[in-house]
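Me: I am new to this structure. Please show it, and then I will ask how the terms apply.

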Amino acid sequence: MSFKIYHLSDLNEDAQEFLKMPKRPYKEKDSYNWPNPGEKLQIELISESKKSLKFFLDIYESRKSSSIVVGVINDRKPTFQSRVSDRQLLRVDLCSNPEILRHRNPDGELVVGNHIHLDVPEFGSKFAVPLAQQDVISGRDEDFISYFESLLDVYSISDSVLTFKYKLGV
């Protein structure tokens, strides 16, 4: 098992650029309801500097674990958006019972417990590291909201325009 600490600078250069690009919701709302267990919330985001790109923030609350996914779609044909062309930039997987979360990296390493998927050279976003082995986002162990709010900062969502109504389970 590697003990390297992963930083924002370890990500693919274009992933770093996408993350740093200021974004806002495509359709602004007063607030968003956190998804119920088994549901997913997708928020489309836009960047004023690169309007040809569509960004998204996905929040999935399963019955046993939670995931946050941030990504980008290169939208050259506005009427056609293929989910196949999605590119995951970051994904955080958290669970109160860390033994439930198991991920095998492309290099064969098994990651058990709460982890983050990072878009790194050679492996892309299929590469996961334990939360303690990265400083891309910060939070408190098993505290989903603190990691989520840190991820919003890293994802450069401008002017704190996303307000959430959290559920009891989060």
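Me: In what order do the elements of the chain run from the N terminus on?

Reply: The order is α-β-β-β-β-β-β-β-β-β-β-α-β, where helices (H or I, at least four residues) and strands (E, at least two) are DSSP runs, numbered from the N terminus. The model is predicted: local features need pLDDT of at least 70, side-chain atom pairs count only at pLDDT 80 or more, and totals for chains, interfaces and linings use all residues. Residues are numbered from 1 along each chain as its sequence is written, and side-chain values use heavy atoms, with hydrogens and water left out.

Me: What makes Lys 40 and Asp 58 a salt bridge?

Reply: Their closest N and O atoms are 3.7 Å apart, and a salt bridge is a side-chain nitrogen of Lys or Arg within 4 Å of a carboxyl oxygen of Asp or Glu, so the term applies. Lys 40 lies in strand β3 and Asp 58 in strand β4, so the pair ties together parts 18 residues apart in sequence.

Me: Why is Asp 58 called buried?

Reply: Its relative accessible area is 4%. Buried means under 20% relative accessible area, exposed over 50%, and partly exposed in between (1.4 Å probe, protein chains only), so Asp 58 counts as buried.

Me: Which label does Glu 28 get, buried or exposed?

Reply: Glu 28 counts as exposed because its relative accessibility is 53%. Glu 28 meets Arg 24 in a salt bridge at 3.9 Å, N to O. Arg 24, at 27%, counts as partly exposed.

Me: How many salt bridges does a search of the whole structure find?

Reply: The search finds seven.
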